[in-house]
Amino acid sequence: MISLSHSKTFKGGVHPYERKVLTENMPFEFMPNPKQIIIPLTQHLGKAAKPIVKKGTEVKAGELIAEQDGFISSPVHSPVSGKVSKITVGANVIGFPKDAIVIESNETNEIVFMPLLDPEKVTPDEIRERVKIAGIVGQGGAAFPTYIKLSPPPDKKIDVIILNGCECEPYLTRDYRYMIERTNDLIAGLRLIMKAVGVEKGAIGIEDNKPDAIIKLTEAVKDYPNISIEVLETKYPQGAEKMLIKAVTGKEVPPGKLPFDVGAVIQNIGTAIAINDAVAKGEPQFTAALTVSGLGINQPKNLIVPIGTPLSDILDFCGGVKENAVKVVVGGPMMGVAQYDFSAPVMKATSGILVLTDEEVNEHEESTCLRCGKCIDACPLNLIPTKLARLSSLEKFEDAEQLGITVCMECGTCTYTCPANIPLVQWIRFGKQRVMALQKERQSA
Ligand code: SF4
Ligand code: SF4
């Protein structure tokens, strides 16, 4: 019997309406290949990949189409067999048009796999190299190239690898389905990460609203005493790196520092599965697993889709949008990005597509600050959101810098909790961008 009564957590945070029930019992379905795939060269944080194909090149699924360009970059593979029709600038789910390779898919769907590696015999260097050439990027949102996180600086002693199984954003159930459907592959992926980093201890942090996943994973790790299942309170943003580390290890990551600095490496559930698939199955990362949900979509689903699939194809595959749908968001409702062009394609790190109705969007008119302090109590990083937002709106960027605006992780908790409906995180994001630009100018002066 697993006790959920002493779940660990962090200070602050909020409890948004979850709505995971819409998709949590929907097993993954594979979406058929669309006719046309649009693959942005920037699937990751860092420099865009460099195309190695041109108009007319025939490609097979799994073949390299753009190579890594620089240290913080990642290669891109074709998710389908077909012919490159153009390299162009196309719509992008992160909001800015980007260079992309467009492929017209054919029926053959031949897949090119990399040679298989034996997970028990593979060396740490071979794991890192495989993760690098497979184009694996973090599935937690930022899409940082994973091979870099597997190579911590030599002066940082890493004690624990933590897999993030919180999935604290409302609606999303992709990670939950992975934990239920691919339990053993997930543990195998975690063991590969531990081997690559040279760490004895592994942990999987899961919110206590996923008892089935907790039971399955607890059973799956019973032969690995060095891997623990950590049951965490269901609270947003429990899955943010700093909050997860605090809940699992009790350690605080100081402002401006990284998980490495307190001896931890965090990886997402989907990333661990992708690492297992690259090593044991020879599969590069050319699909995305995502939840399609919200009261505005006719058939909510969990899907595996080829990267580069346009949002419109996915919405059609899910029965289309309802008449009362008012907003489409890529990601979760707290940190996701509203979409205006449904030709934008799915990327490697896309975790969800939400079609929301008026009832869910809940946009009320903004009023003046009530000085209730709720945003301050809720901020998990002990910032003063009301002041940071005000300073940003007054363009007092240096004062905002002094108050730590660059520490903000843009989780949106403050905005969610504000009874005056002040778009705090939007103002803070604006101020943070300006402060970071100022800091860059100072460095180059
Ligand atoms: S968005 Fe920033 S200021 Fe607001 S709660 Fe999150 S970390 Fe705090
Ligand atoms: S929660 Fe909103 S109303 Fe309350 S102090 Fe913060 S900004 Fe003001």
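This report walks through the overall build of the protein chain, one of its helices and a patch on its surface.

The model is predicted, so local features need pLDDT of at least 70 and side-chain atom pairs count only at pLDDT 80 or more, while totals for chains, interfaces and linings use all residues. Residues are numbered from 1 along each chain as its sequence is written, and side-chain values use heavy atoms, leaving out hydrogens and water.

Let's begin with the whole chain.

| Feature of the protein chain | Value |
|---|---|
| Helices and strands (DSSP runs: H or I, at least four residues; E, at least two) | 14 helices and 17 strands |
| Buried residues (under 20% relative accessible area, 1.4 Å probe, protein chains only) | 53% of 445 residues |
| Accessible surface (Shrake-Rupley method, 1.4 Å probe) | about 20200 Å² |

Carbon and sulfur atoms hold 53% of that accessible surface. A compact globule of 445 residues would have a radius of gyration near 22 Å, and the protein chain agrees with 22 Å; this radius is taken over C-alpha atoms, and the globule rule is 2.2 Å times the number of residues to the power 0.38.

Now for helix α4, residues 183–197. Buried residues in α4 include L186, I187, L190 and I193. After α4 comes G198, with a positive phi near 75°.

Finally, the surface: I376, I384 and L403 form a nonpolar patch there, with about 190 Å² of accessible area together. I376 sits in helix α10, residues 374–378.

Definitions and conventions:
Chains lettered and ligands numbered in written order. Buried < 20%, exposed > 50% of the residue type's maximum accessible area, 1.4 Å probe, protein only. Patch = residues over 30% accessible without salt bridge, like charges linked within 9 Å, V, L, I, M, F, W, Y side chains within 5 Å. Salt bridge = Lys/Arg side-chain N within 4 Å of Asp/Glu carboxyl O.
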